[in-house]
Amino acid sequence: MNITITEDDRMLADAMQRFCREVIAPAAADIDEGSHSAVRHRAALSDIGIMGMNLPEHCGGTGVSAVALYLAVEQLAAACGSTASMVTAHFLATDSILHGGTEAQRRRWLPGAASGELLGAFALTEPNAGSNPAAMRTLAEKTGSGYRLRGVKHFISNAAEADFLVVYAKTDKSAGHRGISAFIVDRHAAGVAVSAPERTMGLRGGHVFEVALDCEVPADRLLGGEEGRGFRTAMQVLDNGRVEIAASCTGIAGAALEAALHWARTREVNDHPIAEFQGLQWMLADMATELEAARMFGLRAATRREQGERFSQESAMAKLYASEAAGRIADRALQIHGGYGYTREMPLERYVRDLRIMRIYEGSSEVQRNIIARTLLNH
Ligand SMILES: CC(C)(COP(=O)(O)OP(=O)(O)OC[C@H]1O[C@@H](n2cnc3c(N)ncnc32)[C@H](O)[C@@H]1OP(=O)(O)O)[C@@H](O)C(=O)NCCC(=O)NCCSC(=O)CCS(=O)O
């Protein structure tokens with residue numbers, strides 16, 4: 001498969017890099033140190049179209065290619081992992097409506113979400129249903145005018161600040177994954193209670209919450225206007241989301257490599273820059289090689305996404321490889337910095353912490369391996 005990065009894709013990535021370096025990166029340490037929400041960047045991100053970068057123009061989005069989207073998310077994550085997480089969680093919500101919604105729902109919700117006026121959250125995971133969403137317990141029972149949703153969702157990014165949540169719930173308890181439907185729920189509807197943010201190891205500005213639901217939703221909030229289509233929509237959305245996680249990984253790992261290269265050139269031992277030591281050169285070589293391989297996987301999955309064919313395998317491989325490789329790259333970058341890398345004066349320890357969740361959320365590495373193995377064995 002050819003991976004093509006067009007001139008337009010490159011120009012967008014360059015513009016994104018300038019914006020992120022000027023606007024996003026300077027606040028990253030403060031966001032992390034104070035666990036302040038990355039939603040503070042919403043207005044600035046909206047102004048340049050980032051909040052709708054995953055959406056086509058007819059839905060109010062920028063309509064950029066999937067490769068450009070990959071490169072943009074990469075730049076965002078290189079500047080601030082928390083901000084990338086907030087934005088990509090919003091994409092999960094809007095992708096749900098794009099892929100699973102009716103035309104009327106797309107028209108109603110997507111232009112506002114693309115402009116950043118509305119912030120979305122994706123409510124799939126539950127305390128007892130993470131890797132296996134088909135085991136969810138949240139129920140949606142038909143009422144005279146719509147549905148009553150009852151249940152608890154967990155680890156939901158953006159929930160407190162969101163304007164709407166796409167909530168996945170069972171409309172038929174006995175039908176397994178085919179009994180799952182999705183609903184667009186107003187964050188401030190009566191009966192939607194959001195916890196305080198979880199205290200997390202990394203991505204401390206990408207807040208995640210528990211959401212307790214006992215609320216009524218009108219019938220026109222059933223995504224796609226048909227019951228039982230939620231699981232398929234969630235899986236399609238996660239195929240996209242996993243490529244964006246891969247982009248976040250290569251963004252942060254790229255920042256870690258850049259820091260390590262700078263340190264190796266400028267840090268001296270016995271009047272020699274440490275870059276002169278072969279042991280360190282080999283570490284840098286391995287880091288750069290793994291980063292490039294991870295990018296190739298990510299861009300391959302993005303290319304496949306652009307082609308409009310199912311790309312679960314490519315997406316799972318991209319996330320698996322990038323999240324595992326990025327963890328190794330950031331760890332080596334910290335090692336190269338020695339004791340300084342372990343201090344909070346430098347971003348290395350933040351990179352390591354921010355990257356750790358990438359092997360877990362939107363499907364753990366083990367789930368990605370299951371997806372890959374299953375595809376291999378079915379063919
Ligand atoms: C590991 C799993 C993929 C396993 O899924 P299942 O074994 O339960 O389901 P399948 O039998 O594979 O499929 C059932 C059904 O769905 C269709 N399907 C499956 N995948 C896709 C897809 N990618 N695109 C389109 N359709 C798909 C499949 O064809 C079947 O259709 P029929 O019923 O036969 O017609 C899955 O359980 C999984 O991915 N688990 C991980 C869940 C996960 O990633 N959770 C994280 C949630 S979000 C998060 O972490 C953070 C959110 S945030 O930051 O707020």
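Which residues does UniProt give for the feature "domain: Acyl-CoA dehydrogenase/oxidase N-terminal"? The unreviewed entry places this feature at residues 6-117. UniProt positions are given in the numbering used here, feature names are shortened, and annotations may be inferred rather than shown by experiment. The structure is a predicted model, in which local features need pLDDT of at least 70 and side-chain atom pairs count only at pLDDT 80 or more, while totals for chains, interfaces and linings use all residues. Residues are numbered from 1 along each chain as its sequence is written, and side-chain values use heavy atoms, with hydrogens and water left out.

Over residues 6-117 the chain is 69% helix and 0% strand, and the end C-alpha atoms lie 30 Å apart. Helices (H or I, at least four residues) and strands (E, at least two) are DSSP runs, numbered from the N terminus. The annotation "domain: Acyl-CoA oxidase/dehydrogenase middle", also from an unreviewed entry in UniProt, covers residues 121-212. This stretch is 0% helix and 45% strand, with 14 Å between its end C-alpha atoms. For "domain: Acyl-CoA dehydrogenase/oxidase C-terminal" (unreviewed entry), UniProt lists residues 228-377. Here the chain is 79% helix and 3% strand, and its end C-alpha atoms are 27 Å apart.

Two packed helices are described by the angle between their axes and the distance between the axes. Axes are lines fitted to C-alpha atoms, for helices over the stretch in contact, and angles run from 0 to 180 degrees between N-to-C directions. Helix α4 (residues 66-79) packs against helix α5 (residues 81-100) at about 140 degrees, with the axes 6 Å apart. In this contact (heavy atoms within 4.5 Å), L69, V73, L76, A77 and A79 of α4 meet G81, T83, A84, V87, T88 and F91 of α5. The contact residues comprise 8 nonpolar, 3 polar and no charged. Ala, Val, Leu, Ile, Met, Phe, Trp, Tyr, Cys and Pro count as nonpolar, Asp, Glu, Lys and Arg as charged, and the others, Gly among them, as polar.

The axes of helix α9 (residues 312-336) and helix α12 (residues 365-378) come within 9 Å and cross at roughly 145 degrees. Their contact has 6 nonpolar, 6 polar and 3 charged residues.

Of the 27 residues around the ligand (a heavy atom within 4 Å), S131, S157, H177, D239 and E362 come nearest. Polar contacts are pairs of N or O atoms within 3.5 Å; within protein, one must be able to donate a hydrogen and the other to accept it, and residues adjacent in sequence count only if both atoms are side-chain atoms. A polar backbone atom of S131 is 2.7 Å from a nitrogen atom of the ligand. For H177, a polar side-chain atom lies 2.6 Å from a ligand oxygen atom.
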